[in-house]
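Reader: I have a model open on my screen and would like to learn how to read it. Could you take me through some features, one at a time?

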Amino acid sequence: MKRNLLFIFVLMIVPFTVKAQIKGVVCDENQNPVEFANVILMGADSVYIAGTVTDASGKFDFFTDYAKAKFLQISALGYKTIIKTLDEKNDIGTLVLVSDNILLDEVTVTAQRPSQHLTKGGIITTVNGSVLSLLGNAMDVIGQLPGVMREDDKFTVFGKGTPIIYVNGRKLTDNSELYRISSKDIASVEVISNPGAKYGAEVRSVLLVRTIKKQGDGLSGSIQAVVRAAHSWSNSDNLSLNFRKNNLDIFGAFAFDHSRRYQQQKNVTMINNTGHNLYDLNSDIIILPVSTTYNANLGLNWQINPKNVLGVKYEFRGTPYNHSDWTTNETIELNGILDDKIDYYTYWKRKNMPTNILNMYYIGEYGDWTLTVNNDYYSSRNKAEQEIDEISLSEGESTISSLNHINSSMFASKSVLEYDFGKNTLEAGYEYTYTNRTDRYDNYNDFLPDADDNIKEHNIAGFISATFSIGIYELSGGLRYEHTISDYYENGLLISEQSRKYDRLFPNIDFTFPIKKAKFTLSYTAKTKRPLYSQLSSNIQYDDRFTYETGNPLLKPEMNHDVSMAGIYKWVFFSASYQYVKDAIVGIVEAYKEGEPVNLMTYMNYDHISKYTAMVSLSPKISIWSPRLQFNLMGQNLKIPFMGTELRMNNPLLFINFYNSISVGKGFTITGDMLYHTSGDMDVVTLKPSWQINLGVAKTIGNCFFQLSATDIFKTARNSMITYGTQMKLDKWNYSDSQAVRFTIRYAFNSTMSKYKGRGAGQSEKNRL
């Protein structure tokens, strides 16, 4: 039966040929493909018949038999427009655009509403020429896209987790690079919420950033400085350079970040460990983290000819200084009577360096075939020291300390072979990763054990996917097979019970269709989520007298079955999804030992959890005002044990984001954002409501960009929640230094972007590490 189903599925995704009536390739004078060139079919009287744009390879095609078409007009920013008379040949061949060196004077550019349209598995937003191009940098642009939530320099795709980000096909390993990409240099951003088979089985969302291709040899670059004033001062600076000579690019970048933050927290904890003893804990906590981070990269890209390119890139990351001081004043009541007062002084000293990443890639075109090969090496060393000084009213002073060393290395290789015929594509390939991670944890006290773990994991995957068009309809599908062997060692001995071996299939299918002027996509995707290596650790970390933390070496990967529907009509976009998560990985709080008031924060596999999401995004254009209003709803169906009863965690969360941009002329843009979310449940946590207002103004003068922004101006943003455990309830109020003023200045010259296209391999493993 399984073989029959697999056979039927393969038949579904094998494409058939739809003969393209007119197709060709657009290149510049150096035989480099020109992306986003406008291609228009015209009749004998120059009347418009149809239009399209070229893709990243400069290719374009039309599928309907346009018998009345006589001319083809090709135009692109920075090039002279050409008109070609059509003959009986369907394949036009290569069309060459010549640079237009005429400088335009006194030109006024009016920003338009960003256009959006559905793609297989996601939505693409055109940034170039829209109000989004005036926001500042790529970080600002991505944070306002439909379905994307931003917190500092991290993103979450609504209901799909942390996305993998690509810039011009190159995988980002450091999101700070997005600060260095000017919003006016971005052509488009695509949010893929249902990634296909060529992406890892753990990849549930992808962001594809495409920049405007700049031409010309010589030196180009940008320098940027950002100062943040909140409870303390922070600053970040970066420099990026690119030198191009003919078809050779040599590029590099350096970034420095010094961050000082402040957190204030109040915890009210109730512990009922036996049904007779009731503990009430009241804690006031101040957290002061300070860190210094360096990021650098160096690489080269060689365009051997228009059809062959290769490159190599080395990245270094290091955080030599990452300290965090916690001061906690705690009052303990037992059955309503004062039992103790404890002051905790916790000192964290972390050192994360060096992290080394080496990527080598090759892309070659052979007729209608394209071969992409990536090889990656990754290594990192991490050290964490913890020391807690306790001063108890009843038990006096004591010191608890620990030392944790984590060393990781990974090799990965990925190859993709793509066959294009018209708008149909067929992709097949493999991906292999090998990971070796050691985790040594020493507790310098007698009541908690040491740990010495080592995980060695092999994963090999094969995949095939196809996309084909039938008139106005598009169907795509794929199948990915993964074979995983994970060996778990404790103190040098293989532990078979904690080792794993898996063989799994991950199908996906997307169907895109129009209904009048609206366009819709219906999708099904099967994905997995493997435990993070930290979640598999057997370390037991001491937090305070009533709280420990540990991993769970017995965790299994979860399996996520996702059915989604998305639609777009003019400036209205909506999506909805239902997810059935088998063996869901959930963070829980349980008793460390029966009959004792100590709680253990750990992880477990729930048999299954049902989740759902819904989103509506409205982005009209009203004169100089460009509002973007987004509603995001997410919910779950989950029951958890709580103090001898069963608690339903089914209250949905609603996020309302209202972004506003006003173009007031002379290079000025004013922004105002209002962000709000209701209370609601997420796993074993109930989030409390939070809202904030952000204001900003940006100004462009020639090659310089200035931005002044204020976040959470009324100091109302909170990260407050209630956490439920088997014998405890923690009510947390938290303020995380969100009220701040940030000033950014950036200078860019020549603005020639590197052509590096290395996509990287083993991305899921890098995220787990």
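Author: Gladly! Let's begin with pairing: two strands pair if DSSP finds at least two bridges between them. Strands (E, at least two residues) and helices (H or I, at least four) are DSSP runs, numbered from the N terminus. This is a predicted model, where local features need pLDDT of at least 70 and side-chain atom pairs count only at pLDDT 80 or more, while totals for chains, interfaces and linings use all residues. Residues are numbered from 1 along each chain as its sequence is written, and side-chain values use heavy atoms, with hydrogens and water left out.

Reader: Which residue is the bridge partner of Val167 in strand 15?

Author: Strands of a sheet pair through backbone hydrogen bonds, either parallel or antiparallel. Here, Val167 has Val209 as its bridge partner in strand 15. Strand 12 (residues 164-167) and strand 15 (residues 206-211) run parallel and are joined by 4 bridges.

Reader: What is the strand order in the open sheet of 6 strands?

Author: The order is 8-9-14-15-12-13, and the pairing is mixed. Strand 8 (116-119) and strand 13 (170-171) are the edge strands, each pairing on one side only.

Reader: And over how many bridges do strand 21 and strand 22 pair?

Author: Strand 21 (residues 308-334) pairs with strand 22 (residues 337-366) over 24 bridges, in the antiparallel sense. To find your place, look for His323, whose bridge partner in strand 22 is Lys349. The hairpin of these two strands has 2 residues between the strands, and Asn335 takes a positive phi near 55° there.

Reader: Which strand pairs with strand 22 over 23 bridges?

Author: That is strand 23 (residues 369-392), again in the antiparallel sense. Thr346 stands opposite Ile388 of strand 23. In the hairpin of strand 22 and strand 23, with 2 residues between the strands, Gly367 takes a positive phi near 65°.

Reader: Now for charges. How many salt bridges does the structure hold?

Author: The general idea is that side chains of opposite charge can pair when their charged atoms come close. A salt bridge is a side-chain nitrogen of Lys or Arg within 4 Å of a carboxyl oxygen of Asp or Glu. The structure holds 23 of them. One joins Lys266 to Asp284, with the closest N and O atoms 3.3 Å apart. Lys266 lies in strand 19 (residues 263-272) and Asp284 in strand 20 (residues 278-305), so this pair ties together parts 18 residues apart in sequence.

Reader: Is Lys266 buried, exposed or partly exposed?

Author: Buried means under 20% relative accessible area, exposed means over 50%, and partly exposed lies in between (1.4 Å probe, protein chains only). Lys266 counts as partly exposed at 37% relative accessibility, and Asp284 counts as partly exposed at 40%.

Reader: Which side chain meets Glu482 in a salt bridge?

Author: Arg480 does, at 2.7 Å from N to O. Glu482 is buried, with a relative accessible area of 3%, and Arg480 counts as buried at 2%.

Reader: What is the nearest side chain of opposite charge to Asp673?

Author: For charge, Lys and Arg count as positive and Asp and Glu as negative, while His and the chain ends are not counted. Asp673 is buried yet has no salt bridge, and the nearest side chain of opposite charge is Arg628, 5.9 Å away. You will find Asp673 in strand 40 (residues 668-677). Beyond its neighbours within four places in sequence, Asp673 is in contact (heavy atoms within 4.5 Å) with residues including Gln144, Tyr659 and Asn694.
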